[in-house]
Amino acid sequence: MQKGDYCDMKRFFSIILAATLAISCVLALGGCAKNENASFDLVYITDGAVVDDNAYNESAWNGVKQFGDENSMSYRYYQPDTDENGEVTGENVNNYIKLAVDGGAQYIVVQGEVMAKAISEYAAEYPETKFLVVGAECEQPISNVMTVSFDTLQAGFLAGYTSVALGKTKLAYFGNTADKDSASYGIGYINGAAYAADESGIPTLVEYVNCDDENLDYSITIRPVYQKVEDSKEQTFKVNVVGGIGSGVYTNGENVTVTAEPAPEGKAFDHWETKSDTEGVKDKKVNISSDKKSSMNLLVGDCDCTITAVWRDADTVPVTVIGSDEVINAEKNSVAYIQAPAPKMGMVFDHWEADDESAIKDINSKSTEITVGESAIEVTPIYVKSEQPTYSVTVEQGTGTGVYCPGEKAQIIADAPQDGYMFYKWENVDAKGLSGGLAMNNEYCYITEFEMSDRYSSVVESLYDEGVQVVFAGGNSQNLSVYSATWSISHQVHAFGWGYDQKDLGNCLASVVCDYRVAVLNALADFKGATNYVGDCSNNCLYVTNISTSADEDNYNEGFAKAYTGLSDGSLTVSPSVNTASKCMTVKYWVK
């Protein structure tokens, strides 16, 4: 990722995506306006993503097409525009529902929780149309809406059995017990592994990690490391900055950023004065990039020096950032810099609000400029719930403490060292004192940027470091962190995919797939409003990649085939509680 704010970049690409989707609606689909009078029996509405996403949309759409072909029914799909946050709004979904109904649609098919919420809100307005929601539930039964769910216990069981059948003896489940589906996947996984282990007689270990356990601390501490000046092997010089940031002892040739402190009330920055503190060396040897800019660079060398910020009288007005402890005294008819305070845990900066928002250079950037006129200004940073996990970062002896999401970048500045010491480098550690894994632009510079890492991934990395060979995260919203962890480990480790075939995400041993295509076919063929269709082994709505029940295929596994048949005909059932009677499997809970 290039330098810049992660969340701002995400918003930028969301806007581009929305524009692209709007164009694709005209080009790829023949034009919404052009075709609004066309008649289609079956309509699939995506969740805003492309229909050929190699995941749920594509699978569901394949089911719609197959049902249409087999029943001589016409079909098409719509891809709704997304908002600036990359999300589909309920109002927009309703516009496409109306378009489909006006075109004579008998059935409208959608998938996912976002679309289920929209259908819950609008389906009653179209009582003659049948709605099918796959992979999510509506808020309450609706007479013309059928939902499809999947047996997560069976799915987890198949994943656990396959992990052992493919030769893995050290397994882990990375889930969230507070989520019903995730907990169910986890229990099924353990029981499937136990069944396979007892069947083969091979001792098997399953580590169970609840990623949201209160005992797991994902926070990181960043601290500057100082060393004694006398221990430096290089020539050093002392820099004293009066009225600004940048004081310290630096090596010869080092480039140091010097920045003036915020202006006092009634004052504005005017210039820097420089003075050599080394006898016999002239003041002009103090090499600064500009004496007029409030933030400039000093090339250290030739002498110790003092650099002083000089202020001039000015007409100033206060610029108040709501939630910040500091008031900016800005000169009238000038430009000031504003920074949003750190958000609370789980939240992320979204945009600025002000009486005159046109004065803000970039309303969507947490760090931006604001044009100051003749009057005081108040600006309010607006925060929203983060779509990604957020992590707490504490900067000791410096600035930059806050809450950040993966990929987000932030500046940190070390405090000036005590006399006799100099800044050496930054270090970052987790709650256990181990490396936090943050990427820094320059760990040897007292002012630098870091990029927030995926701390959930660090937990999975710990599992792999302990010898775990494959990790399953079925039902866990943070499941992609498992793949992130596999990329950081040099030896061969695997993730076990779920929901759709996740082979393209990284080191994927296999995936337990909830087959939306078959579920759509089955549910449309026997549509019943206000009911839920459960996809499982008995109706072929679950399968596992890289292992087969067919003796004609190379990856046939006899034990797996028998287990699948047992789940299909009911002779084998999965307990909703962890199997504690297994003779060959041990469950180790990562935290108590």
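Strand β1 (residues 42-45) runs parallel to β3, and three bridges join the two. Both belong to a predicted model, in which local features need pLDDT of at least 70 and side-chain atom pairs count only at pLDDT 80 or more, while totals for chains, interfaces and linings use all residues. Residues are numbered from 1 along each chain as its sequence is written, and side-chain values use heavy atoms, with hydrogens and water left out. Helices (H or I, at least four residues) and strands (E, at least two) are DSSP runs, numbered from the N terminus. Two strands count as paired if DSSP finds at least two bridges between them.

**Overall make-up**

- The protein has 10 helices and 35 strands.
- Its C-alpha trace spans about 95 × 65 × 35 Å along the principal axes.
- Of the 592 residues in the protein, 51% are buried; buried means under 20% relative accessible area, exposed over 50%, and partly exposed in between (1.4 Å probe, protein chains only).
- Taking contacts between residues at least 6 apart in sequence, 66% join residues at least 24 apart; a contact means heavy atoms within 4.5 Å.
- The protein carries 40 positive and 84 negative charges, whose mean positions are 5 Å apart. Lys and Arg count as positive and Asp and Glu as negative, with His and the chain ends not counted; each charge is placed at NZ of Lys, CZ of Arg, CG of Asp or CD of Glu.

- All five residues of β3 (residues 107-111) are buried, so the strand is largely enclosed by the rest of the structure.
- Burial applies to both faces of β3: Tyr 107, Val 109 and Gln 111 lie on one side, and Ile 108 and Val 110 on the other.

**The seven-stranded sheet**

- Seven strands form an open sheet with mixed pairing, in the order β34-β32-β31-β30-β6-β7-β35.
- The edges are β34 (542-544) and β35 (585-589); each has a single partner strand, so one side of each is left without a neighbour in the sheet.
- From one strand to the next, the twist averages 20°. Angles run from 0 to 180 degrees between N-to-C directions, and axes are lines fitted to C-alpha atoms, for helices over the stretch in contact.
- Within this sheet, β6 (residues 170-175) and β7 (residues 204-210) pair in the parallel sense over six bridges, and the bridge partner of Ala 172 in β7 is Glu 207.
- Helix α6 (residues 180-200) packs on the sheet, where it touches β6, β7, β30 (470-472), β31 (494-499), β32 and β35; its direction makes about 170° with that of β6.
- Helix α8 (residues 480-488) also packs on the sheet, touching β6, β30, β31 and β32, and its direction makes about 160° with that of β31.
- The buried residues of α8 are Ser 481, Val 482, Tyr 483, Ala 485 and Thr 486. They pack against β6, α7 (455-465), β30, β31 and β32.

**Val 512**

- Val 512 is in strand β32 (residues 508-514) and is buried, with a relative accessible area of 1%.
- Leaving out residues up to four places away in sequence, Val 512 touches a set of residues including Ala 155, Leu 158, Phe 472, Phe 496, Trp 498, Tyr 500 and Tyr 543.
- Asp 536 is 24 residues from Val 512 in sequence, and their C-alpha atoms are 11 Å apart.

**The four-stranded sheet**

- Four strands form an open sheet with mixed pairing, in the order β18-β17-β22-β20.
- β18 (327-331) and β20 (347-354) are the edge strands; each has a single partner, so one side of each is left without a neighbour in the sheet.
- The twist in this sheet averages 25° from one strand to the next.
- β17 (residues 316-321) and β22 (residues 377-385) run parallel and are joined by three bridges; Val 321 has Val 379 of β22 as its bridge partner.

**Loop residues with positive phi**

- Gln 397 is not a glycine but has a positive phi of about 55°. Gln 397 lies in the loop between β23 (391-395) and β24 (398-399) and is partly exposed, with a relative accessible area of 46%.
- Asn 540, also not a glycine, has a positive phi near 60°; Asn 540 is in the loop between β33 (531-535) and β34.
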